[in-house]
Amino acid sequence: MISIIICSRQTNISNSLKDNIAATIGCEYELIVIDNSENKFSIFEAYNAGIIKSKGEILCFIHDDINIITQNWGEILHTIFKDDQKIGLIGLAGAKSKTKMPSAWWDCPNEDLHLNIVQHLKNKGKEHWLEGFKNNSIEEVIAIDGVFMAARKTGTIFFNEKMTGFHNYDLNFSFEYLKKGYRIIATKDILLEHFSRGTINKDWCQSAIAFYKLYKKMLPLSLSENSNLKQQEIKNGKVFVSKLNEVGLKKQAFYFWLKIVRLKPVSTFHFEFLKELLK
């Protein structure tokens, strides 16, 4: 059985999502909705509550603003987990590398990206994002996106509640499975529509720093043939310290800027950054 766990911003999820799950999953399931309409829980706490309540051998964490297109996707998950006992986590979007510098999971070289999602945009349009999967319908990755995460239930792996808020829970969960020796994959065999996009704001920055503190000993990490992540480290570092400065986290911005200096001592970026920092 699959336990579908949703942290809802409303008292319940929409009937359209309930109907969509029932019409497409193709196997036995239970629906566990954590009511977070009063914002009592972090996403880490809400999902852990769902794990504790669950009865299925597969846990499936999904957003409450999606529409699943693929038929019998539950059977697809069962097959993937059955065929390889070392697979612990399945997503529809993921990356083969993660820098030590704080970053989103998708901040990696283009060749390391694997995703298959129909994404709705702010201008009311939508795009089918299909990247990677050149030779296979599944690819091993080191982190997946949180819009859809299917996990092998172990009884020992949970979201790390040292992290708070609503960001980077997908990176957190991915690395908890990696710590236990499980493989993570992204598959293009399941397609869904996602009706919103994440926000990179001050809360996200603080969450990214919390993730860095918890998992920095595991980073950087890569399964990619592009084994030299130095340029990506510098690129992600520049983006991150600029964002930290923008949201007013100047002390943290200076701390991570020093790490960029160690990687690339000579750069016009350093002058421009310090000028912005001192404004």
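The residues lining the largest pocket of this predicted model divide into 17 nonpolar, 13 polar and eight charged, where Ala, Val, Leu, Ile, Met, Phe, Trp, Tyr, Cys and Pro count as nonpolar, Asp, Glu, Lys and Arg as charged, and the others, Gly among them, as polar. The lining comprises 38 residues, of which H63, H194, R197, G198 and T199 lie nearest the pocket centre, and the volume of the pocket is about 1200 Å³. Residues are numbered from 1 along each chain as its sequence is written. Since the model is predicted, local features need pLDDT of at least 70 and side-chain atom pairs count only at pLDDT 80 or more, while totals for chains, interfaces and linings use all residues, and side-chain values use heavy atoms, with hydrogens and water left out.

**Pockets**

- A pocket is defined on a 1 Å grid over the protein atoms alone, as an open set of points where a 1.4 Å probe fits, with protein on both sides within 12 Å along at least five of seven lines, and its lining residues have an atom within 4 Å of a point.
- Grid points are joined across faces, edges and corners, and a volume is the space filled by probe spheres set on the points.
- β1 (2-8), α2 (43-53), β8 (113-120), β9 (126-131) and α4 (169-179) each supply at least two residues of the lining of the largest pocket, and β8 gives the most, with four residues; here helices (H or I, at least four residues) and strands (E, at least two) are DSSP runs, numbered from the N terminus.
- The second largest pocket holds about 330 Å³ of space, and of the 16 residues that line this pocket, K96, E111, D112, H114 and K134 are the closest to its centre.
- By class, the lining of the second largest pocket has three nonpolar, six polar and seven charged residues.

- Strand β3 (residues 58-62) pairs with β12 in the antiparallel sense over five bridges, and L59 stands opposite A151 of β12; two strands pair if DSSP finds at least two bridges between them.
- Strand β5 (residues 87-91) also pairs with β12 in the antiparallel sense, over three bridges, and the bridge partner of G91 in β12 is M149.

**Residues in their surroundings**

- N36, in the loop between β2 (29-35) and α2, counts as buried because its relative accessibility is 6%.
- Leaving aside neighbours within four places in sequence, N36 is in contact (heavy atoms within 4.5 Å) with C7, S8, R9, Q10, F41 and F166, and a polar atom of the N36 side chain lies 3.0 Å from the backbone nitrogen of F41.
- H167, in the loop between β12 and α4, is buried at 18% relative accessibility, and its contacts beyond four places in sequence are F44, T199, N201, D203, W204 and S207.
- S97, in strand β7 (residues 97-98), is buried at 2% relative accessibility.
- The side chain of S97 makes a polar contact with the side chain of D112 (2.6 Å); such a contact is a pair of N or O atoms within 3.5 Å, of which, within protein, one must be able to donate a hydrogen and the other to accept it, and residues adjacent in sequence count only if both atoms are side-chain atoms.
- I138, in strand β10 (residues 138-141), is partly exposed at 32% relative accessibility, and the C-alpha atoms of I138 and K188, 50 residues apart along the chain, are separated by 6.5 Å.

**Backbone geometry**

- Most residues other than glycine have a negative phi, and most peptide bonds are trans.
- The peptide bond from L219 to P220 is cis, with omega near -5°, and P220 is found in the loop between α5 (202-215) and β15 (221-222).
- N39, which is not a glycine, has a positive phi of about 55° and lies in the loop between β2 and α2, where this residue is exposed at 52% relative accessibility.
- F133 has a positive phi near 55° and lies in the loop between β9 and β10, but F133 is buried at 4% relative accessibility.

Technical notes:
Buried < 20%, exposed > 50% of the residue type's maximum accessible area, 1.4 Å probe, protein only.
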